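Subject: Structure for your files, with notes

Dear colleague,

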Amino acid sequence: MNSLTRTIPYSIELADSFFKRLKGLMFRRVELKEEGLWIIPCNSIHMCFMNFAIDAVFLSKDGRIVKLVEDLKPWRFVKPIKNAYSVIELPSGTIKRHQLKIGEIIKL
């Protein structure tokens, strides 16, 4: 496993309350641009009522990437991910652009 620590140069909003996690990015009209949403705790997501695709980076409790989902389209689902504690929802293409890899640690 790669132990590289990475930062994502985006403005990341924290969704750590019941209502912020419940709403997430649903109903948002404008696509993400150099920003993201960190949902904690969270080990699965849905794209119901979404208006654009995203990249999803699932993290363990220590911030290690355990799953990467690229270009997740509206009305799709990601089943619970083993060892995932949180997820960062990012603009579609972020995983490829920043060459994120499973095993890397994300520092927020």
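Which element gives the most to the lining of the largest pocket? Helix H1 does, with three residues. Before the rest, please keep in mind that this is a predicted model.

The pocket

The largest pocket holds about 210 Å³ of space. Its lining consists of 16 residues, and those closest to the pocket centre are Arg21, Ile39, Ile45, His46 and Glu89. Helix H1, residues 18-23, and strand S4, residues 45-46, each supply at least two residues of this lining. Sorted by class, the lining of the largest pocket has ten nonpolar residues, three polar ones and three charged ones.

The sheet

Five strands form an open sheet in the order S2-S3-S8-S5-S6, and the pairing in it is mixed. Strand S2 (11-15) and strand S6 (65-72) are the edge strands, each of them pairing on one side only. On average, and with direction ignored, neighbouring strands of this sheet are turned by 20 degrees against each other. S2 and strand S3, residues 35-39, run in the parallel sense and pair over five bridges. Within S3, leucine 37 stands opposite glutamate 13.

Backbone points to check

- Proline 41 itself belongs to the loop between S3 and S4.
- Asparagine 83 is not a glycine, yet its phi is positive, near 70 degrees. This residue is found in the loop that runs between strand S7 (77-78) and strand S8 (86-91). Asparagine 83 counts as exposed because its relative accessibility is 56%, and the cut-off for exposed is over 50%.
- Glutamine 99, also not a glycine, has a positive phi of about 50 degrees. Its place is in the loop between H2 and S9. With a relative accessible area of 55%, glutamine 99 is exposed.

Asparagine 51 lies in the loop between S4 and strand S5 (54-59). Its relative accessible area is 38%, so asparagine 51 is partly exposed; that class takes in values between the buried limit of 20% and the exposed limit of 50%. From C-alpha to C-alpha, asparagine 51 and asparagine 83 are 28 Å apart in space, and they are 32 residues apart in sequence.

Is glutamate 104 buried or exposed? Glutamate 104 counts as buried because its relative accessibility is 2%, where buried means under 20%. Glutamate 104 sits in the loop between helix H2 (94-97) and strand S9 (105-107), and glutamine 99 is placed in the loop between H2 and S9 as well. The side chain of glutamate 104 makes a polar contact of 3.2 Å with the side chain of arginine 6.

Regards

Definitions and conventions. Residues numbered from 1 in each chain as written. Predicted model: local features only at pLDDT ≥ 70, side-chain atom pairs only at ≥ 80, totals over all residues. Heavy atoms only, no water. Helix = DSSP H or I, 4+ residues; strand = E, 2+ residues; numbered from the N terminus. Buried < 20%, exposed > 50% of the residue type's maximum accessible area, 1.4 Å probe, protein only. Polar contact = N/O pair within 3.5 Å; in protein donor to acceptor, adjacent residues only side chain to side chain. Pairing = 2+ DSSP bridges. Axes fitted to C-alpha atoms, helices over the stretch in contact; angles between N-to-C directions. 1 Å grid on protein atoms, 1.4 Å probe; cavity = no way out; pocket = protein on both sides within 12 Å on 5 of 7 lines; lining within 4 Å. Points joined across faces, edges and corners; volume = space filled by probe spheres on them. Nonpolar A, V, L, I, M, F, W, Y, C, P; charged D, E, K, R; others polar.
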